[in-house]
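Please look over the model shown here before reading the notes on its helices, its interface and its backbone.

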Amino acid sequence: MQRSSFAGRDIISIRDFNKGDILQTLGAAEKMERRAPAQLLKGKTLGCLFFEPSTRTRLSFDTAIQRLGGKSIGFLDAQTTSVAKGEGLIDTVKTVEKYCDVLVIRHPKEGSARLAAEVSEKPVINAGDGSNQHPTQTLLDLYTIKRELGRLSVSVSLIGDLKYGRTVHSLAYALAMLGANITLVSPRGLEMPREVLSDLKKLDAKLEETYDLNNAIPSSDVLYVTRIQRERFPDPEEYEKVKGAYKITPDTLEHAKKELIILHPLPRIDEISREVDATKHARYFQQVYYGLPVRMAILALVLGVAK
Amino acid sequence: MVKDIRVKRIKNGTVIDHISSGQALNVLKIIGIAKEYPRTTVTVAMNVPSSKMGAKDIVKFEGRELKAQEVDKIALIAPEATINIIREYEVVEKKKVKIPDRVEDVLRCANPNCITQSEEIATKFIIEEKAPIKLRCIYCEREMSEAEIVRQF
């Protein structure tokens with residue numbers, strides 16, 4: 001899909017973006033970080049539909065709309081709504097959209113955000129649909145790389161649960177569009193899904209795959225580390241086989257480039273040790289902060305008040 | 001000694017020719033011949049030589065013409081098939097199946113966690129590749145292979 005303007009646009013999948021869209025969003029985020037006009041979204045309401053837990057995404061969207069002068073409504077636990085009485089997603093979306101100007105949705109089923117966008121007259125932003133996509137996370141991940149390394153032509157190792165991790169599905173696609181070098185590092189059984197690999201091939205991605213983390217580190221500019229997504233495993237026994245498969249410690253980074261940065265969408269369990277937090281490589285809490293200007297930019301763009 | 005078996009021509013019905021070799025039984029599953037018309041005369045030829053395709057299957061059955069949705073499904077597994085409508089022993093209509101760009105409300109998504117499994121909506125797939133066929137669900141973005149499609153019939 002090629003669009004020249006974001007106004008009214010749904011943000012569902014990074015596959016709907018082109019390179020120009022990504023660069024435009026990052027540019028708008030830079031402007032927001034320099035100066036966020038306090039009344040830019042005055043009178044606007046964000047509807048938050050969080051059917052799954054969230055810390056950063058929810059709080060950053062909530063903060064973003066408020067910093068720009070707007071308000072938010074919604075729910076963080078569907079069991080407190082009529083979903084507990086059996087109300088389906090379509091009716092829930094058609095109800096909430098009557099009270100707001102833009103919706104953000106996180107839901108455990110893949111395709112839920114696309115469906116919400118189909119039935120809603122207001123723009124819908126996908127905050128994570130099952131193990132499919134998380135496009136605003138990708139945009140803030142790219143923004144973090146740009147801000148911390150000054151460029152997007154980088155070598156990135158995507159590490160951990162590449163099968164169920166929606167953040168890496170979205171990020172790999174975007175990195176391929178931007179011409180980055182991508183190394184995929186996962187335990188056996190958690191490799192990148194075939195449809196993502198198929199997309200990456202169509203984009204002529206510079207791609208390598210390995211099971212050995214030590215092979216990937218020396219040539220990387222960015223380590224993007226992910227948690228093994230226990231909640232997505234259909235069979236808990238399969239999770240037990242792979243949990244704790246990778247752990248980044250200061251020792252792991254012995255042969256890393258001096259300028260290497262480490263990102264993680266969080267929450268983390270044990271895949272990055274606390275000792276790494278104090279190293280010059282750790283950027284995952286700066287990454288948390290960058291979520292705010294990026295989401296302010298996205299809200300302003302889809303509500304048609306930013307360029 | 002009989003050396004040839006001559007199959008009787010059908011009076012009114014359908015001949016599906018140029019079916020991809022090995023898919024005839026799946027075509028019959030799509031049509032539901034065994035369930036809907038248990039007494040219909042059906043002729044099946046499998047893996048017969050074809051100058052056009054190398055090898056092909058053919059299916060003929062009496063007293064039944066195809067619905068549009070059945071033709072769409074057949075196109076997915078037999079993209080070169082030709083549908084011949086027979087009336088009074090004559091071919092009155094002949095058309096090649098065509099794989100559409102999108103397939104709606106014809107197949108289930110193979111992903112058990114797709115939203116289409118729990119909400120009352122028509123499934124929608126984009127045809128990513130025609131040979132071998134690959135579909136992508138527009139909702140969950142997962143791919144469906146030919147094997148996953150055939151499993152549904």
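Predicted model: local features only at pLDDT ≥ 70, side-chain atom pairs only at ≥ 80, totals over all residues.

Residues are numbered from 1 along each chain as its sequence is written, chains are lettered from A and ligands numbered from 1 in the order in which they are written, and side-chain values use heavy atoms, with hydrogens and water left out.

**Interface of chain A and chain B**

- In the contact between the chains, 23 residues of chain A meet 19 residues of chain B, where contact means heavy atoms within 4.5 Å.
- The area buried between chain A and chain B is about 1,800 Å², and carbon and sulfur atoms give 38% of that area; buried area is the accessible area (1.4 Å probe) that two parts lose on being put together, summed over both.
- Of the area that chain A buries against chain B, 32% is supplied by A:K109, A:E110 and A:E195, which is more than any other three residues supply.
- The rule finds eight salt bridges across the interface of chain A and chain B, a salt bridge being a side-chain nitrogen of Lys or Arg within 4 Å of a carboxyl oxygen of Asp or Glu.
- B:R136 forms a salt bridge with A:D199, and the closest N and O atoms of this pair are 2.9 Å apart.

**Salt bridges in the whole structure**

- Over all chains, a search of the whole structure finds 27 salt bridges.
- A:R114 forms a salt bridge with A:D16, with the closest N and O atoms 3.0 Å apart.
- Because A:R114 lies in helix α4 (residues 112-119) of chain A and A:D16 in the segment before α1 (19-34) of chain A, the pair ties together parts that are 98 residues apart in sequence.

**Helix packing in chain A**

- Helices (H or I, at least four residues) and strands (E, at least two) are DSSP runs, numbered from the N terminus; axes are lines fitted to C-alpha atoms, for helices over the stretch in contact, and angles run from 0 to 180 degrees between N-to-C directions.
- Helix α5 (residues 135-149) of chain A packs against helix α6 (residues 166-177) of chain A at an angle of about 55 degrees, with their axes 8 Å apart.
- That angle makes α5(A) oblique to α6(A), given that angles under 35 degrees count as roughly parallel, over 145 as roughly antiparallel, 65 to 115 as roughly perpendicular and the rest as oblique.
- The contact is made by A:P135, A:Q137, A:T138, A:D141 and A:L142 of α5(A), together with A:T167, A:S170, A:L171, A:A174 and A:L175 of α6(A).
- The residues of the contact of α5(A) with α6(A) comprise five nonpolar, four polar and one charged; Ala, Val, Leu, Ile, Met, Phe, Trp, Tyr, Cys and Pro count as nonpolar, Asp, Glu, Lys and Arg as charged, and the others, Gly among them, as polar.
- Helix α2 (residues 56-67) of chain A and helix α11 (residues 284-302) of chain A pack at an angle of about 55 degrees with their axes 8 Å apart, which makes α2(A) oblique to α11(A).
- Residues making this contact include A:F61 and A:I65 of α2(A) and A:L292 and A:M296 of α11(A), and by class the contact of α2(A) with α11(A) has seven nonpolar, four polar and three charged residues.

**Chain B**

- The secondary structure of chain B comes to four helices and nine strands, and the C-alpha atoms of chain B fill a box of roughly 60 × 30 × 25 Å, taken along the principal axes.
- Helix α1 (residues 24-31) of chain B and helix α3 (residues 68-77) of chain B pack at an angle of about 160 degrees, with their axes 10 Å apart, which makes α1(B) roughly antiparallel to α3(B).
- In this packing, B:N26, B:V27, B:I30 and B:I31 in α1(B) meet B:E70, B:K73, B:I74 and B:I77 in α3(B).

**Backbone features**

- Most residues other than glycine have a negative phi, and most peptide bonds are trans.
- A cis peptide bond joins A:L266 and A:P267, with omega about 5 degrees, and A:P267 is found in the loop between β9 (261-263) and α10 (274-277) of chain A.
- B:N47, although not a glycine, has a positive phi of about 60 degrees, and B:N47 is placed in strand β2 (residues 42-50) of chain B.
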